[in-house]
Each structure stands twice: as structure tokens, then as C-alpha cells.
Amino acid sequence: DYIDGDILKIVIKEQSRLQDDKVIEQIIKFNEDLRTMTKQGQISEEAASIRALIDLSDLATVIPIERAIKRTITDKLEDEREQQA
């Protein structure tokens with residue numbers, strides 16, 4: 001299983017440049033949705049990886065979170081159905 005909650009928050013703070021608690025909480029909630037979609041088979045596990053979340057966190061320090069999600073998560077999904085999810 002992937003990490004979540006407070007442990008994920010610590011990992012993001014230690015492994016990325018992002019220190020904004022509000023944005024980190026958004027990423028943690030987004031991760032919960034990603035994991036649900038992964039368990040339901042809507043998206044691949046790659047999209048919910050910790051590495052992808054750390055990349056997202058770094059990018060969110062310089063561009064809006066929505067664009068960061070598109071670049072680090074959505075654009076990496078090959079299947080159009082997964083991208084729509």
C-alpha cells in the first residue's frame with residue numbers, strides 16, 4: 001500500500017521544495033482520490049506513485065496546482081480514458 005495522511009505530509013516536506021501546508025493538504029486529498037481510482041481500475045498505479053506526488057509538489061511551488069497535476073499526473077497517462085478520469 002501507498003503511504004498517506006501525516007506520513008505522506010512528512011515525506012512531501014522532506015523530499016520536495018513544497019512547504020505550504022494548505023497545498024500539501026490538497027495533494028494528500030488528491031492522492032486519496034487517485035488511490036480510489038487505482039483500486040477501481042480507472043487509472044494505472046503509476047499515476048498514484050509517491051514519486052509522482054513528489055514531482056507534483058515540486059512543480060506546485062512554481063505553477064498553479066491544477067497545471068502541476070496536468071503535467072505530472074494526467075499527461076503521463078497513456079490511455080485517454082485514464083486521462084479523463
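A residue counts as buried when its relative accessible area is under 20%. Keep that cut-off in mind as you explore this predicted model.

**Stop 1: I73.** Select I73, in the loop that links α4 (65–72) to α5 (80–84). Is I73 buried or exposed? Its relative accessible area is 4%, so I73 is buried. Now show what surrounds I73: setting aside neighbours within four places in sequence, its contacts are F30, L34, A47, A52 and A68.

**Stop 2: A52.** Pick A52 out of that group of contacts. Although I73 and A52 are 21 residues apart in sequence, their C-alpha atoms are 6.7 Å apart in space. Next, find the backbone nitrogen of A52: a polar atom of the S49 side chain lies 3.0 Å from it.

**Stop 3: α1 and α2.** Finally, select helix α1 (residues 5–15) together with α2. Two packed helices are described by the angle and the distance between their axes. Here the axes come within 10 Å and cross at roughly 125 degrees, which means that α1 is oblique to α2. The crossing is right-handed.

Which residues of α1 meet α2? Colour G5, L8, K9, I12 and K13 in α1, then their partners D21, I24, E25, I27, I28 and N31 in α2. The residues of this contact divide into five nonpolar, two polar and four charged.

Notes. Residues numbered from 1 in each chain as written. Predicted model: local features only at pLDDT ≥ 70, side-chain atom pairs only at ≥ 80, totals over all residues. Heavy atoms only, no water. Polar contact = N/O pair within 3.5 Å; in protein donor to acceptor, adjacent residues only side chain to side chain. Helix = DSSP H or I, 4+ residues; strand = E, 2+ residues; numbered from the N terminus. Buried < 20%, exposed > 50% of the residue type's maximum accessible area, 1.4 Å probe, protein only. Contact = heavy atoms within 4.5 Å. Axes fitted to C-alpha atoms, helices over the stretch in contact; angles between N-to-C directions. Parallel < 35°, antiparallel > 145°, perpendicular 65-115°, else oblique. Left-handed = near helix turned anticlockwise from the far one by under 90°. Nonpolar A, V, L, I, M, F, W, Y, C, P; charged D, E, K, R; others polar.
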